[in-house]
Amino acid sequence: MKVGADHLRRDAFLYVRQSSLRQVFENTESTKRQYALRDRAVALGWPIERVHVIDSDLGLSGAQSQDRDGFQHLVSEVAMGHAGIVLGLEVSRLARNNADWHRLLELAALSRTLIMDEDGVMLLGLKGTMSEAELHILKSRLQGGILNKARRGELEMPLPIGLVYTPDARVVLDPDRQIQDTVRLLFDTFRETGSACAVVRRLRGEKILFPRRIRRGIGKGDVL
């Protein structure tokens, strides 16, 4: 193993991230595996109280470091020589952008900080490059699938409130009469007044709540 006394004199930092809030709520197994890397650090010789977990970037994409305060904090700790090892489940959790990768790797090399993923202690420059390429390929595949569905006339787009798809992909009025009545009231009021502000004032004055359907995550399909 590459872990030496100099590394053990410094702290271990575990970086935990999921790309979206939906993954945080639904892909709980991955999150558990990430937190479990604390035990790997302990097995390598770090006391549990010196294994710091950085998980403030849960729900944020790794494509850019901007707005990822946790990643910026991690980079700072490495730059100041406080980190003996950085742990992450896989390299894509740390960064999917080559510029961010190279910045972290250069600082790790200067401070002699180890970087470790689930596979073991290693230099991850090549993996970082592959991770960014993988992100590009995934986006291309997704966009290609969307275009093919559109060409076949099978692409379903999110519909505004008041409209729904039938099982045979036709667009019809929402069968919920309360939703229908509220949407009709909105358009009727706008025809009468010609003003969006007047519509809002009327709905507020009559304490009429406008419906919204949850499109993803917990409660998907429910109406608020």
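Leaving aside its neighbours within four places in sequence, which residues is Leu-94 in contact with?

1. The model is predicted. In it, Leu-94 is in contact with Tyr-15, Arg-68, Phe-71, Leu-74, Val-86, Trp-101, Leu-104 and Ile-115, leaving aside neighbours within four places in sequence. Several of these names return in the points below.

2. Leu-94 belongs to the largest nonpolar core, which has 15 residues. Tyr-15, Leu-74, Val-78, Val-86, Leu-94, Leu-104 and Ile-115 are the residues that touch the most other members of this core. At least two residues of the core come from each of strand 1, helix 5, strand 3 (83-87) and helix 7 (98-111). There is also a second, separate core of 13 residues, and among them are Ala-41, Trp-46, Leu-89 and Leu-114.

3. How many aromatic pairs does the structure hold? There is one aromatic pair. Its partners are Tyr-15 and Phe-71, with 6.2 Å from centre to centre and 75 degrees between the planes. The pair counts as edge-to-face because its angle of 75 degrees falls in the range over 60 degrees. Tyr-15 is in strand 1 (residues 11-15) and Phe-71 is in helix 5 (residues 69-79), so the pair links distant parts of the chain, 56 residues apart.

4. Are the two partners buried or exposed? Tyr-15 has a relative accessibility of 1% and therefore counts as buried. Phe-71 is buried too, with a relative accessible area of 0%. The ring of Phe-71 has a further neighbour: Arg-68 lies over its face, at 4.4 Å from the ring centre. Both Arg-68 and Phe-71 are also on the contact list of Leu-94.

5. In helix 3 (residues 28-35), the buried residues are Ser-30, Thr-31 and Gln-34. Why can they be said to share a side of helix 3? They cover an arc of only 100 degrees around the axis, so they lie on the same side of the helix.

6. Leu-8 is part of helix 1 (residues 5-9). Leaving aside neighbours within four places in sequence, Leu-8 is in contact with Val-3, Leu-44, Gly-45, Trp-46 and Arg-50. One of these, Arg-50, is 42 residues from Leu-8 along the chain, yet the C-alpha atoms of the two are separated by 9.7 Å. Another, Trp-46, is included in the second core.

Technical notes:
Residues are numbered from 1 along each chain as its sequence is written. This is a predicted model: local features need pLDDT of at least 70, side-chain atom pairs count only at pLDDT 80 or more; totals for chains, interfaces and linings use all residues. Side-chain values use heavy atoms; hydrogens and water are left out. Rings of Phe, Tyr and Trp (its six-membered ring) pair if their centres lie within 6.5 Å; planes under 30 degrees apart count as stacked, over 60 as edge-to-face and the rest as tilted. Helices (H or I, at least four residues) and strands (E, at least two) are DSSP runs, numbered from the N terminus. Buried means under 20% relative accessible area, exposed over 50%, partly exposed in between (1.4 Å probe, protein chains only). A charge sits over a ring if NZ of Lys or CZ of Arg is within 6 Å of the ring centre and within 35 degrees of the ring normal. The arc is that of the directions from the helix axis to the C-beta atoms. Contact means heavy atoms within 4.5 Å. A nonpolar core is a set of buried Ala, Val, Leu, Ile, Met, Phe, Trp, Tyr and Cys residues joined through side-chain atoms within 4.5 Å.
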